[in-house]
Amino acid sequence: MNHIRTFTVVPSLPEVLEPLRQLAYNLWWTWNPAATDLFRRLDVDLWREVEHNPIALLWRIPQERLEQAAKDDAYIAQLCRVMDSFYVYRNSRTWFDEQYPQSKDRTIAYFSAEFGLHESLPIYSGGLGVLAGDHLKSASDLGIPLVGVGLIYRQGYFTQQLTEDGWQLESYPTYDPHQWSATQIKNGDGQPLKISVKLGRQDLHAAVWLVHVGRVRLYLLDADLPENPPEFRAITSRLYGGDRTMRIRQEILLGIGGLRALRALGIEPDVCHMNEGHAAFLALERIRQTMHEHGLSYREAREITSGGNIFTTHTPVPAGIDRFEPELVQKHLEWMAHELGIGTRDLLALGREHEDKPEEEFCMPFLALRLSYRSNGVSKLHGEVARGMWQGYWPGIPREEVPIMHVTNGIHIRTWTSPTMAELLEQYLAPNWPEANENDGLWDRVRDIPDAELWRVHVRRREWMIAAIRRRLRQQLKGRGAPPAEIKAADEVLDPEALTIGFARRFAPYKRATLLFRDIDRLARIVTSKERPVQFIFAGKAHPHDGAGKELIKEIAAVCAKPQFRRRIVFMENYNISLARVMVQGVDLWLNNPLRLHEASGTSGMKVPANGGLNVSCLDGWWPEAFNGENGWAVGDGRVYDDLAYQDHVECESLYNLLEREIIPLFYERTADDLPRAWIRHVKESMRTIVPQFNTNRMLRDYTQKMYMAAMERAERVTADNFALGRSLSNWKERLRAHWHEVRVAHVEAEPHDLLKVGDTLKLRARVHLGSIAPEDIAVEAYYGPLDSDGKVVSGHAARLEFAQHEQNGEHTFTGAVPCERSGRTGYAIRVVPSHKDLADRYDQGLVVWG
């Protein structure tokens, strides 16, 4: 059986059904219910069996069924309508066309370690990947010239199964990418297009696959090639699998290999967006390519390329950061240091918080922060947390001035809204309701939807969800080898009319999945109430190496097995996009209770309001921005306690009090026509305030307006006239850096005063020693603001002091004033920072002197 030669046989579609092939290879169908229905109608049972994969469906469906469908006039009519919509979608003018017609030929490359586009393409693990998938879909809807870059994982993340006592087991089925909505890219000779990347002294080869996501193209690198040794072929087998050696190899392939793949395809991105630090090595490759092609120095190329890099951090705690031992980085990337013309020590310093500490591990976010034009967190609160978390990179810079902004996450509305609710919203809002701008008032029309209609649509979806949960639960029990009586009992699990609460996410300790179980007796009284029953659906995976997360799942499974909870609390195995869609479209209430300041954003709860559900959540991540007192409930008051056990106690009590005193009574309070009108008012307020704001169309508009276009303009300026600005700015920085040690504040004096009132100004005079640095190359500022109990300035502002005169011995006098804006203790300090009209970030060199 040696020397097997392969070929591929594709389905023989009747000519009239040939458009199905085109649809199957473009994931546009995943957010268009009429298109999805075309595949489902061919064979409902097979559609479920292949996990909603249209390629696998077309490969396995009997030829006679295809011939039968080709003669079905109703089916063909629907196919024609869908293809008409597809054609209009691809050829219509978009938001980007209207707003930035001069930039439609530019390219933004979006790099992510995972993409959660649909359950049939299992190259994602959770929220980061789902966000990346929604990012691509909205980029397509808005016409943003963006391409995605990632890796193709032939074993995906993992398939979860629980033992009888609730312990998580992982299995890794091997997928065939030929049965995904992906095509392998060929070169001019008809052979697979391949790129190579050095891993130490060896070459890693990778092929490239293409996935169409509406108007957007996603390129996925595949290392499972015969020319690679087994340990290299495994690089693209499992997402987040293996040890640190495997991780660094995956990230080198993603960043460096991804950029090389784009170049091999003739794509030169103007902007590279790193979704988390996994792809940060691309910044080194951009420098290397620019140096070698244009004869630039390392510092010149760094200045020029960093203007086109964007970095988004999703991590609010240090434990979630990718770090590598210096020896591991040196082993794999010593060749890169050589090609950049810098020492390995200098390359390693790019990934350290303290460049002069060789014992520090190499941190991928630090590499991304150092080599990016702009960086952001993913919610307003996370932006504040990130500025504190990464402040060490900007020593001497006040926390509020750390140059990390925020763009709050969102969800792709069309993907996550049920077809029946989408029809209702189209009827009462507008046909283009998902694309409506958050400020145009369209969503105020939600108030005009008749309560009875809105409630009827939601109740039917809850019933549909429970039917789907029961069906999945039967399969779950069969897979576990449960006895027939237990499998049959799954048909009686959950009540289609009861208040249904969902909790589904990655099982990590800080997400506190078991917070509700701190008072089992109280929980039992709630769920077993005959007059006002409540039920819970849990789902989620723990990372294979996270023993604490697995223990949480086991604890929930044990509760589910207790007789009093058996029909009211269920844990669903193998949480994926399909199950997530079922749950967010059917639950009445979404529960989220992470430790405050530990959730960067969270997007699962954003998916519920469009489907008529509400949120009850701790004030973390996105919820502090969304919650207004009428569109859901807040657990606790946002305080953070040093004693975590006490924090759990306080917030568990808060959650139970909300359930017992507000949520449950409100849900079951019915008017004469059996409608929970007070509950529905909250639902409408949730829809009206949350859906138009917390979606990826708004998010992509923010990224485009705040970051992408600014980076494009920056890149254009530093590369114009044979990189004139880039070269001069690099040389200016080098001169400044060489003489910065000469800078010091020699003397500061304030104008004498008896008493200052609000509205007055405090006049200042500062003498600064600059040595050989010119006064126009720096800015002297008074940083002022109210003082806290420790005598430190909080919520400070900067007032610039203007150059007044030259003094002797390299000293200069600057004068200015601090405004008295509020009463109370106020303080100020004088500082000197670099100043240049073309600086992207005056703090990017870490140069600041206080006096």
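1. Ser138, Asp141, Ile411, His412, Ile413, Arg414, Pro434, Glu435, Asn695, Thr696 and Asn697 line the second largest cavity. A cavity here is a set of points, on a 1 Å grid over the protein atoms alone, where a 1.4 Å probe fits but cannot get out, and lining residues have an atom within 4 Å of a point. Two or more of these residues come from each of α8 (127-142), α17 (413-416) and α27 (696-739). Helices are DSSP runs (H or I, at least four residues), numbered from the N terminus.

2. Please keep the ground rules in mind: this is a predicted model, where local features need pLDDT of at least 70 and side-chain atom pairs count only at pLDDT 80 or more, while totals for chains, interfaces and linings use all residues. Residues are numbered from 1 along each chain as its sequence is written, and side-chain values use heavy atoms, with hydrogens and water left out.

3. The second largest cavity has a volume of about 50 Å³, a volume being the space filled by probe spheres set on grid points joined across faces, edges and corners. Its lining has three nonpolar, five polar and three charged residues. In this scheme Ala, Val, Leu, Ile, Met, Phe, Trp, Tyr, Cys and Pro are nonpolar, Asp, Glu, Lys and Arg are charged, and the others, Gly among them, are polar.

4. How many cavities of 30 Å³ or more are there? The count is two. The largest holds about 60 Å³, and helix α10 (residues 244-264) gives the most to its lining, with four residues. Among the lining residues are Arg247, Glu251 and His278. By class, the lining of the largest cavity has six nonpolar, two polar and two charged residues.

5. On to helix packing. The axes of α12 (residues 298-306) and α27 come within 8 Å and cross at roughly 125°; axes are lines fitted to C-alpha atoms over the stretch in contact, with angles from 0 to 180 degrees between N-to-C directions. Four nonpolar, four polar and eight charged residues make up the contact of α12 with α27, where contact means heavy atoms within 4.5 Å.

6. Helix α19 (residues 451-480) packs against helix α26 (residues 677-690) at about 80°, with the axes 11 Å apart. So α19 is roughly perpendicular to α26. From α19, the contact uses Asp451, Leu454 and Trp455. The residues of this contact divide into six nonpolar, no polar and three charged.

How values were computed:
On a 1 Å grid over the protein atoms alone, a cavity is a set of points where a 1.4 Å probe fits but cannot get out, and a pocket is an open set with protein on both sides within 12 Å along at least five of seven lines; lining residues have an atom within 4 Å of a point. Angles under 35 degrees count as roughly parallel, over 145 as roughly antiparallel, 65 to 115 as roughly perpendicular and the rest as oblique.
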